[in-house]
Amino acid sequence: MKNEKAPLILFAIVFIVSALLCTSAVFAAPPIGLPNISLNMNGGTTEPEKVSSLIQLVILLTILSLAPAILLMATSFTRIIIVLSLLRHALGTQTMPPNQVVIGLSLFLTFFIMAPVFNRVNDEALKPYYEEQISGEQAFEKGSAPVKAFMLKQVREKDLALFVKMANDKRPAKPEDISLSTLIPAFAISELKTAFQIGFMIYLPFLVLDMVVASVLLSMGMMMLPPVMVSLPFKLLLFVLVDGWYLIVGSLVKSFH
């Protein structure tokens, strides 16, 4: 027994000594230099320039925190993501394509559709502001004009009139006079309606195929076999034969022009 335990005791001693040596080497190593970052805001300042800079910083952080909501509600993202989600449900593929793929495709299509608007915002608002040719208020007005023009092309007059009435605003003399707080929700519900209309048209051929498969199975007496399981390969075959992705993506992009 003593001869059997000797190798184990020797191994334990060697392991402990090695661990101590490694620990001492780590502590003896010079510390890694990290950059120092500090944000100092002197309280009680009465200088107008500093107060104005602080307010601008707070406004900028607020806008950045609202950036995801702006991307969702003031661009083409809402219509695209809803149509692609309804397409996936119509095919009956559950989680295929995955959510990451659907969201990624929707984002890149949104950037493609909104590229002319973003270029106008950059040329008319951001560049002059960075070059100190215009003030922050002027940059906001010039930057919001292309976004307003895009939303006004897509929004329905009925939806826009609804929010103008609920806000108790006067009838604007021209569409450009409508505030963003009124235009964005009107644009959002218009996009939802349009997306569901497109989704209904996508559902129809797949619904007919489901009904045909269910009728055939019922006539053959296969009542225990789920029709969805049998119709799924035919749905995929139909979608591939008509080049469904080309048709749907092309129709979505053209619907914004």
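This is a predicted model: local features need pLDDT of at least 70, side-chain atom pairs count only at pLDDT 80 or more; totals for chains, interfaces and linings use all residues.

Entry 1, a helix pair. I looked up α8 and α9 and found that α8 passes α9 in a right-handed crossing, where right-handed means that the near helix is turned clockwise from the far one by less than a right angle, and left-handed anticlockwise. The contact (heavy atoms within 4.5 Å) is made by F206, L209, D210, V213, A214 and L217 of α8 and by P227, V230, S231, F234, K235 and F239 of α9. I sorted these residues into 9 nonpolar, 1 polar and 2 charged; Ala, Val, Leu, Ile, Met, Phe, Trp, Tyr, Cys and Pro count as nonpolar, Asp, Glu, Lys and Arg as charged, and the others, Gly among them, as polar.

For the geometry, I noted that the axes of α8 (residues 180-219) and α9 (residues 227-241) come within 9 Å and cross at roughly 135 degrees. That makes α8 oblique to α9; angles under 35 degrees count as roughly parallel, over 145 as roughly antiparallel, 65 to 115 as roughly perpendicular and the rest as oblique. Axes are lines fitted to C-alpha atoms, for helices over the stretch in contact, with angles from 0 to 180 degrees between N-to-C directions.

Residues are numbered from 1 along each chain as its sequence is written, and side-chain values use heavy atoms, with hydrogens and water left out.

I found 10 helices and 0 strands, both being DSSP runs numbered from the N terminus (helices H or I, at least four residues; strands E, at least two). Of the 257 residues, 26% count as buried, that is, under 20% relative accessible area, against over 50% for exposed and partly exposed in between (1.4 Å probe, protein chains only).

I found 5 aromatic pairs; rings of Phe, Tyr and Trp (its six-membered ring) pair if their centres lie within 6.5 Å, and planes under 30 degrees apart count as stacked, over 60 as edge-to-face and the rest as tilted. The rings of F150 and F256 have centres 6.1 Å apart and planes at 15 degrees, so this pair is stacked. F150 lies in α6 (residues 136-154) and F256 in the segment after α10 (244-254), 106 residues apart. F150 is buried at 8%, as is F256 at 5%.
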